[in-house]
Amino acid sequence: MTRFTQAELEAARDRLVPDVVAGGLRVLFCGINPGLMTAATGHHFARPGNRFWPVLHLSGFTPRLMRPSEQEELLSYGLGITNVVARATARADELSAEEYREGGRLLATKVTGLRPRWLAVVGVTAYRAAFDDRKAQVGPQERVIGSTRVWVLPNPSGLNAHWTAQTMAEEYGRLRVAAAEV
(Lines give C-alpha, C1' and ligand atoms only; values in the text may rest on other atoms or scores of the structure.)
Protein backbone atom coordinates (compact mmCIF):
# COMPACT_ATOMS: atom_id res chain seq x y z
CA MET A 1 0.00 0.00 0.00
CA THR A 2 1.20 3.48 -0.83
CA ARG A 3 2.31 5.53 2.16
CA PHE A 4 1.06 9.10 2.27
CA THR A 5 2.54 12.00 4.20
CA GLN A 6 0.27 13.98 6.49
CA ALA A 7 0.42 16.83 3.97
CA GLU A 8 -0.72 14.50 1.16
CA LEU A 9 -3.61 13.25 3.28
CA GLU A 10 -4.62 16.80 4.19
CA ALA A 11 -4.54 17.71 0.49
CA ALA A 12 -7.24 15.04 -0.03
CA ARG A 13 -9.65 16.85 2.34
CA ASP A 14 -13.00 17.65 0.67
CA ARG A 15 -12.21 15.51 -2.39
CA LEU A 16 -15.00 13.47 -3.87
CA VAL A 17 -14.58 9.73 -4.41
CA PRO A 18 -16.57 8.17 -7.26
CA ASP A 19 -19.26 5.69 -6.30
CA VAL A 20 -18.98 2.06 -7.31
CA VAL A 21 -22.54 1.58 -8.57
CA ALA A 22 -24.75 0.10 -11.23
CA GLY A 23 -28.48 -0.33 -11.60
CA GLY A 24 -30.21 -3.28 -9.93
CA LEU A 25 -27.51 -4.28 -7.41
CA ARG A 26 -28.28 -6.82 -4.70
CA VAL A 27 -26.75 -4.55 -2.04
CA LEU A 28 -25.55 -0.96 -2.17
CA PHE A 29 -23.27 -0.40 0.83
CA CYS A 30 -23.27 3.17 2.07
CA GLY A 31 -20.46 4.56 4.19
CA ILE A 32 -20.67 7.73 6.25
CA ASN A 33 -18.24 9.74 4.11
CA PRO A 34 -14.79 9.15 2.62
CA GLY A 35 -11.85 9.39 4.97
CA LEU A 36 -8.66 11.09 3.88
CA MET A 37 -6.97 7.78 2.95
CA THR A 38 -9.95 6.87 0.80
CA ALA A 39 -9.84 10.28 -0.88
CA ALA A 40 -6.08 10.07 -1.42
CA THR A 41 -6.29 6.61 -3.01
CA GLY A 42 -9.72 6.90 -4.66
CA HIS A 43 -10.64 3.55 -3.11
CA HIS A 44 -13.46 3.14 -0.60
CA PHE A 45 -12.67 1.89 2.93
CA ALA A 46 -8.94 2.24 2.19
CA ARG A 47 -7.65 2.95 5.71
CA PRO A 48 -5.66 -0.11 6.85
CA GLY A 49 -7.57 -0.41 10.17
CA ASN A 50 -10.96 -0.40 8.49
CA ARG A 51 -12.57 -3.84 8.64
CA PHE A 52 -15.01 -3.47 5.72
CA TRP A 53 -13.11 -5.68 3.25
CA PRO A 54 -12.29 -8.48 5.75
CA VAL A 55 -15.89 -8.46 7.06
CA LEU A 56 -17.29 -8.53 3.52
CA HIS A 57 -15.29 -11.71 2.93
CA LEU A 58 -15.96 -13.29 6.36
CA SER A 59 -19.70 -12.77 5.86
CA GLY A 60 -19.68 -14.57 2.51
CA PHE A 61 -20.37 -11.59 0.25
CA THR A 62 -17.06 -12.12 -1.57
CA PRO A 63 -15.28 -15.43 -2.25
CA ARG A 64 -11.91 -14.01 -1.18
CA LEU A 65 -10.47 -11.09 0.75
CA MET A 66 -10.39 -8.17 -1.65
CA ARG A 67 -8.18 -5.09 -1.53
CA PRO A 68 -9.71 -1.61 -1.74
CA SER A 69 -8.02 -1.19 -5.14
CA GLU A 70 -10.19 -4.06 -6.42
CA GLN A 71 -13.46 -2.29 -5.53
CA GLU A 72 -14.81 -2.35 -9.10
CA GLU A 73 -14.93 -6.16 -8.88
CA LEU A 74 -17.77 -5.78 -6.37
CA LEU A 75 -20.11 -5.02 -9.26
CA SER A 76 -19.67 -8.58 -10.54
CA TYR A 77 -21.10 -9.81 -7.21
CA GLY A 78 -24.08 -7.44 -7.41
CA LEU A 79 -22.57 -5.13 -4.78
CA GLY A 80 -21.72 -1.43 -4.80
CA ILE A 81 -20.48 1.39 -2.58
CA THR A 82 -21.58 4.98 -2.02
CA ASN A 83 -21.58 7.41 0.93
CA VAL A 84 -24.11 9.47 2.87
CA VAL A 85 -21.91 12.56 2.52
CA ALA A 86 -19.63 12.80 -0.50
CA ARG A 87 -16.84 15.05 0.79
CA ALA A 88 -13.77 13.62 2.48
CA THR A 89 -12.85 14.50 6.05
CA ALA A 90 -10.40 13.18 8.62
CA ARG A 91 -13.26 12.28 10.99
CA ALA A 92 -17.01 11.88 10.66
CA ASP A 93 -17.55 14.35 13.51
CA GLU A 94 -16.42 17.10 11.10
CA LEU A 95 -19.74 16.74 9.26
CA SER A 96 -22.66 19.00 10.17
CA ALA A 97 -26.19 17.85 10.92
CA GLU A 98 -27.31 19.61 7.73
CA GLU A 99 -24.73 17.69 5.66
CA TYR A 100 -26.14 14.43 7.01
CA ARG A 101 -29.74 15.48 6.25
CA GLU A 102 -28.84 16.68 2.74
CA GLY A 103 -26.82 13.48 2.25
CA GLY A 104 -29.88 11.45 3.21
CA ARG A 105 -32.00 13.31 0.66
CA LEU A 106 -29.40 12.84 -2.10
CA LEU A 107 -28.94 9.18 -1.15
CA ALA A 108 -32.69 8.55 -1.39
CA THR A 109 -32.69 10.07 -4.88
CA LYS A 110 -29.70 7.94 -5.91
CA VAL A 111 -31.30 4.76 -4.53
CA THR A 112 -34.59 5.52 -6.30
CA GLY A 113 -32.72 5.71 -9.60
CA LEU A 114 -30.41 2.71 -9.09
CA ARG A 115 -33.02 0.44 -7.46
CA PRO A 116 -30.74 -1.90 -5.49
CA ARG A 117 -32.53 -4.68 -3.63
CA TRP A 118 -31.01 -3.45 -0.33
CA LEU A 119 -29.37 -0.24 0.86
CA ALA A 120 -26.94 -1.11 3.67
CA VAL A 121 -25.88 1.92 5.70
CA VAL A 122 -22.70 1.12 7.63
CA GLY A 123 -23.12 3.04 10.84
CA VAL A 124 -26.25 3.45 12.93
CA THR A 125 -25.32 7.01 13.96
CA ALA A 126 -24.99 8.08 10.31
CA TYR A 127 -28.31 6.45 9.44
CA ARG A 128 -30.06 8.16 12.36
CA ALA A 129 -28.66 11.56 11.33
CA ALA A 130 -29.30 11.17 7.59
CA PHE A 131 -32.86 9.91 7.92
CA ASP A 132 -33.89 11.58 11.19
CA ASP A 133 -34.60 8.22 12.80
CA ARG A 134 -33.25 8.53 16.34
CA LYS A 135 -34.50 5.10 17.41
CA ALA A 136 -32.93 3.06 14.58
CA GLN A 137 -30.90 0.03 15.59
CA VAL A 138 -28.60 -2.28 13.66
CA GLY A 139 -30.62 -4.61 11.43
CA PRO A 140 -33.41 -4.33 8.85
CA GLN A 141 -35.41 -1.10 8.98
CA GLU A 142 -39.08 -0.41 8.30
CA ARG A 143 -38.07 2.34 5.85
CA VAL A 144 -38.28 1.52 2.15
CA ILE A 145 -36.91 3.83 -0.54
CA GLY A 146 -38.91 3.11 -3.67
CA SER A 147 -38.65 -0.68 -3.86
CA THR A 148 -35.35 -0.78 -1.93
CA ARG A 149 -35.27 -2.21 1.58
CA VAL A 150 -32.88 -0.69 4.14
CA TRP A 151 -30.53 -2.44 6.56
CA VAL A 152 -28.27 -0.71 9.07
CA LEU A 153 -24.94 -2.43 9.64
CA PRO A 154 -22.26 -1.79 12.25
CA ASN A 155 -19.59 0.68 11.18
CA PRO A 156 -16.46 -1.28 10.17
CA SER A 157 -14.10 1.45 11.35
CA GLY A 158 -11.36 0.23 13.65
CA LEU A 159 -12.65 2.84 16.12
CA ASN A 160 -15.88 0.86 16.57
CA ALA A 161 -14.69 -1.36 19.41
CA HIS A 162 -18.21 -2.54 20.29
CA TRP A 163 -18.16 -4.93 17.35
CA THR A 164 -15.48 -7.50 16.53
CA ALA A 165 -14.81 -8.55 12.96
CA GLN A 166 -16.61 -11.83 13.72
CA THR A 167 -19.75 -10.25 15.20
CA MET A 168 -19.85 -7.76 12.31
CA ALA A 169 -19.50 -10.63 9.84
CA GLU A 170 -22.49 -12.33 11.46
CA GLU A 171 -24.64 -9.21 10.99
CA TYR A 172 -23.40 -8.68 7.42
CA GLY A 173 -24.12 -12.38 6.83
CA ARG A 174 -27.75 -11.87 7.93
CA LEU A 175 -28.05 -9.22 5.22
CA ARG A 176 -26.36 -11.49 2.68
CA VAL A 177 -28.97 -14.18 3.30
CA ALA A 178 -31.82 -11.65 3.07
CA ALA A 179 -30.37 -10.20 -0.15
CA ALA A 180 -30.27 -13.68 -1.71
CA GLU A 181 -33.99 -14.21 -1.13
CA VAL A 182 -36.21 -13.32 -4.06
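Is Tyr172 buried or exposed? In this predicted model, Tyr172 is buried, with a relative accessible area of 0%. Buried means under 20% relative accessible area, exposed over 50%, and partly exposed in between, for a 1.4 Å probe and protein chains only. The model is predicted, so local features need pLDDT of at least 70 and side-chain atom pairs count only at pLDDT 80 or more, while totals for chains, interfaces and linings use all residues. Residues are numbered from 1 along each chain as its sequence is written, and side-chain values use heavy atoms, with hydrogens and water left out.

Tyr172 lies in helix H6, residues 165-180. Helices (H or I, at least four residues) and strands (E, at least two) are DSSP runs, numbered from the N terminus. Contact means heavy atoms within 4.5 Å. Ser59 is 113 residues from Tyr172 along the chain, yet their C-alpha atoms are separated by 5.7 Å. A polar atom of the Tyr172 side chain lies 3.2 Å from the backbone oxygen of Pro154.

Tyr172 also belongs to the largest nonpolar core, which has 24 residues. A nonpolar core is a set of buried Ala, Val, Leu, Ile, Met, Phe, Trp, Tyr and Cys residues joined through side-chain atoms within 4.5 Å. Val27, Phe29, Tyr172 and Leu175 touch the most other members. At least two residues of this core come from each of E1 (27-31), H3 (52-58), E2 (79-83), E3 (118-122), E5 (148-153) and H6. H6 gives the largest share, six residues. Beyond four places in sequence, Leu175 is in contact with Val27, Phe29, Phe61, Trp118, Ala120, Trp151 and Leu153. Another core, of 22 residues, lies apart from this one and includes Leu119, Val121, Phe131 and Ile145.

Helix H5 spans residues 124-131. Its buried residues include Val124, Ala126, Tyr127, Ala130 and Phe131. They cover an arc of only 160° around the axis, so they sit on the same side of H5. The arc is that of the directions from the helix axis to the C-beta atoms. The buried residues of H5 pack against H4 (97-114), E3, E4 (139-145) and E5. Asp132 follows H5 and has a positive phi, near 50°.

A loop residue is buried too. Gln71 is found between H3 and E2 and counts as buried at 5% relative accessibility. Residues up to four places away aside, Gln71 touches Val20, Gly42, His43, His44 and Trp53.

Terms used
A polar contact is a pair of N or O atoms within 3.5 Å; within protein, one must be able to donate a hydrogen and the other to accept it, and residues adjacent in sequence count only if both atoms are side-chain atoms.
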